[in-house]
Every structure is written in C-alpha cells, then in structure tokens.
Amino acid sequence: MTFQDIFKSSFLENITSVSILDMAIAILLAFGLGLFIFLVYKKTYQGVMYSSSFGVTLIALTMITTVVILAVTSNVVLSLGMVGALSIVRFRTAIKEPLDIAFLFWSIAVGIVLAAGMIPLAVIGSVIIGVILIVFVNRKSHCNPYIVVLQCVDHSSEMQAMDFLSKQVQRCTVKSKSAQKGTIELNLEIRLKSDDTDFVNTLSEMEGVCSAVLVSYNGDYMG
C-alpha cells in the first residue's frame, strides 16, 4: 500500500458521512434534553444522600448515546462492530434507588431517538415523562409512616403505653417485640393523625417507660 492509497481509504471517506450541522444540532439537543432530565431527577429525588455526579452522568449519557447512534446509523458495518465492542463492557456500580434505573433508560432512549432524527418525539416525550414523574413522585401521602421504638420495664407499663399510643395515632401495628429480664422493647409502626409529635414526650415520661424514640423511614407502604 502506497502513501497515496492511504488517503484513498474508506476511513477518510466516512468523515463526511454525517454533516457538521447535523452533529451540532443533535449534540445541542441532547445537551438540552439531558439537562432537563437532570433537573427532573433533582426535583424528584427522595433518597438519603443526593449524588450530583449521577445527575451529571445523565447529561453525559444522553450526549454520548446520541454520538454513538449517529455513527451507527451512518454505517451498517460500523453498527455490527459497535454491538461486538459494547457487548464486552460490564458495569459494576450498584443502583441504590429503583427510580434511578428509569432515569438511566430515559437518558439512553432520548439519545437514541434524537440520533434517529425523531426530534419531536424526543422533546414531547421527555416533557410528558418529566411532568408525570414530578406529579407522581412528589405526591404526598395522607398518612405519614413512622416507627416508634419503645422500652418498658414490665408488662403493665407496656400495656399502659400501648393504650396511650393507640389513642394518639391513627394506626398502631406491632412490628417486633423483644423481652429480656427487666426490659421489654417494642418496634411499632404508626400513622400520625397530624404533624404533632408531642405525644412522644408524654410517652417517655410515663411510669415504667425507659425510653421512646420516633423514627421516620422511607419505602413502599400498603393500606
């Protein structure tokens, strides 16, 4: 192969397979929609520790997917090679929140749809998905679930504390109970009637009650 044959190779011919204008429009739209996905993620996040790096990953993932799909759609042979190359990639990072998986797939889907030229579908679909997530994820529950950790000295003080607690809350359910000599510990799931938690102070001052702890927790609840 001569020096002249190198410049006649198909590698250089693929430079103009995607126009600069198409690349610029696709990448800018990918950045805009990725930023929108990031803002929706930030607005709807309800975990314990917010990770700003995951939000930036959503923007980058949208743009990277767009670039990859633009390359794949311009060359059929390249698409086959891309499948083989990506099949060896393994991700070991654990997803802590189930909703994070939806945002990852959302970013990838937007990148694919944009690179395919379906701009209205990507924009309108993202707006609808974002509105639905904001409405449903931020929807407040009428009954706030809490856990009360109660320590009593004997059975009589336990029954007295349980009777008092049942009158102060909307619902009280025993989750676990452990008994040792001189100590009875109860884990109770309660639903508050209001935001007033002063009953915990009264509960801790009752005779025979060693301590009363009120803890809020996240999760899925039935009933």
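This is a predicted model: local features need pLDDT of at least 70, side-chain atom pairs count only at pLDDT 80 or more; totals for chains, interfaces and linings use all residues.
**Entry on the largest core.** I looked up the largest nonpolar core and found that it has 20 residues, of which Leu150, Leu165, Leu188, Ile190, Phe199 and Leu203 touch the most other members. I then noted the elements that give two or more residues to this core, namely strand E1 (145-152), helix H8 (155-168), strand E3 (183-191), helix H9 (199-204) and strand E4 (209-216).

**Entry on leucine 203.** Leaving aside residues up to four places away in sequence, I listed Leu150, Ala161, Phe164, Leu165, Val209 and Ala212 as what leucine 203 touches.

**Entry on strand E1.** I checked E1 for burial and saw that it is mostly covered, with six of its eight residues buried. I found that E1 runs antiparallel to E3, joined by eight bridges, and also antiparallel to E4, joined by seven bridges. I followed valine 149 to both partners, where it stands opposite asparagine 187 in E3 and opposite valine 213 in E4.

**Entry on H6 and H7.** I turned to helix H6 (residues 98-115) and helix H7 (residues 119-137), which pack at an angle of about 165° with their axes 9 Å apart. Since angles over 145 degrees count as roughly antiparallel, I therefore recorded H6 and H7 as roughly antiparallel to each other. I noted that H6 passes H7 in a left-handed crossing. The contact includes Phe103, Trp106 and Leu114 of H6, and Ile129, Leu133 and Val137 of H7 among others.

Key
Residues are numbered from 1 along each chain as its sequence is written. Side-chain values use heavy atoms; hydrogens and water are left out. A nonpolar core is a set of buried Ala, Val, Leu, Ile, Met, Phe, Trp, Tyr and Cys residues joined through side-chain atoms within 4.5 Å. Buried means under 20% relative accessible area, exposed over 50%, partly exposed in between (1.4 Å probe, protein chains only). Helices (H or I, at least four residues) and strands (E, at least two) are DSSP runs, numbered from the N terminus. Contact means heavy atoms within 4.5 Å. Two strands pair if DSSP finds at least two bridges between them. Axes are lines fitted to C-alpha atoms, for helices over the stretch in contact, and angles run from 0 to 180 degrees between N-to-C directions. Angles under 35 degrees count as roughly parallel, over 145 as roughly antiparallel, 65 to 115 as roughly perpendicular and the rest as oblique. A crossing is left-handed if the near helix is turned anticlockwise from the far one by less than a right angle, and right-handed if clockwise.
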